[in-house]
Amino acid sequence: MGTSAELARFEQRFRRAGLPLFIEDFSPTHDIFTRATPLLVLVFLAEVLGATSLQWPVWVNVLAALGAMLVLIAGFGLLNGFRGRPFWSLPTRFGVPELAVFVLLPALLPVVTQGQFRQFFGVAIGNLLLVGVVYVVIGYGLIGTIFWSLRRLASELANSVASLVRALPLLLVFSLVLFVNTEMWQVFAGMPVAFIVVSVVAFTVLSTLFLLIRLPREVDAIERDAGSGPPLRRIQRMNISISLVIRQWMQALVVSAGVGLFFVAFGMLAISEHIYELWGITPGSWSYRIDLLDHQMLISEALVKVAIGIANFTGLYYSIALLTDSTYRTEFLDHVSTELRELFAARAEYLELRRTTA
């Protein structure tokens, strides 16, 4: 009994660190989709709306929704019977039959009630994507990693601010030149908001690809230095790499947000309405004037767009510098190495405990 509790504590520690794949016998059937059962059941039942139509009277839609609910419950109940479970029980394991029913059965409702084959493909693909998202988010411990990062960010906010302060000198040299550049203002001020969002996503993807290429090499080096336990499997290395990417995202987010706010404040002080006119820049769809010490400051849509653009470039630079610049690399990887060595040692104890109790 004590051994089972000790194993459970090790496994809970791995989950809280965002490394569920350190758990032996971790499987989608028992460990991933069963943990997402409440979400899957909620979505499954909500899809009774696929049997309704806006062109029908309310009472017809109510009857159609009730009929669809009975069909969904009966479908899963029959599957439970086929799998040897009680009719009304929730699945204790999600294999291919359960996932196939979840994906396909709600998609059949609009076909049966309205002959909507296009809606069938839409619902089926949507459910399939949800299954994929659940697999990635729970299977690779993204929720645990995010909460771990948030707890760390909240408990060590002073360190994050200190990291930002240390980063500012180099970052400002890089970004100040861009900020006072007329062409930069012309590019970002005239860019639609949707394009700004796309550029942020594109830079995030680019920095993520760089990190995913570099981090496995760093993980291998840390594992060799730690020298605890059997070698990691490839999927476990991927789990660590994704966890580290999210942690670096959090650091880059703090730095980018700080730089963005700095340039909004600096732009309000330094870029007056007269400079807008000299540069041929319009403030955009909105702007506000604020008087401070007999000086009129202007905050505008154009200023915010440029600040976001500069912060975007800065975030990409900082993400790459974390693994290439010696100062940032040492600061980040030294702390990561210490934590991973502790987790590798815990994994070795966990595997030994499992071996002796098998």
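I began with threonine 208, which touches Val245 and Trp249, leaving aside residues up to four places away in sequence; contact means heavy atoms within 4.5 Å. This is a predicted model: local features need pLDDT of at least 70, side-chain atom pairs count only at pLDDT 80 or more, and totals for chains, interfaces and linings use all residues. Residues are numbered from 1 along each chain as its sequence is written, and side-chain values use heavy atoms, with hydrogens and water left out.

I placed threonine 208 in helix H10 (residues 193-226); helices are DSSP runs of H or I, at least four residues, numbered from the N terminus. Buried or exposed? I checked threonine 208. At 14% relative accessibility it counts as buried (under 20% relative accessible area, 1.4 Å probe, protein chains only). A polar atom of its side chain lies 2.7 Å from the backbone oxygen of threonine 204.

Next I turned to H5 (residues 96-114). Its 19 residues should span 27 Å at 1.5 Å a residue, and the end C-alpha atoms are 28 Å apart, which agrees; the expected span is 1.5 Å times one less than the number of residues. I found a kink of about 25° at phenylalanine 102, shortly before proline 106; the bend is the angle between axes fitted to the seven residues ending there and the seven starting there. Phe102 and Pro106 are both among the buried residues of H5. Just after H5, glycine 115 takes a positive phi of about 70°.

Note on methods. Helix = DSSP H or I, 4+ residues; strand = E, 2+ residues; numbered from the N terminus. Buried < 20%, exposed > 50% of the residue type's maximum accessible area, 1.4 Å probe, protein only. Polar contact = N/O pair within 3.5 Å; in protein donor to acceptor, adjacent residues only side chain to side chain.
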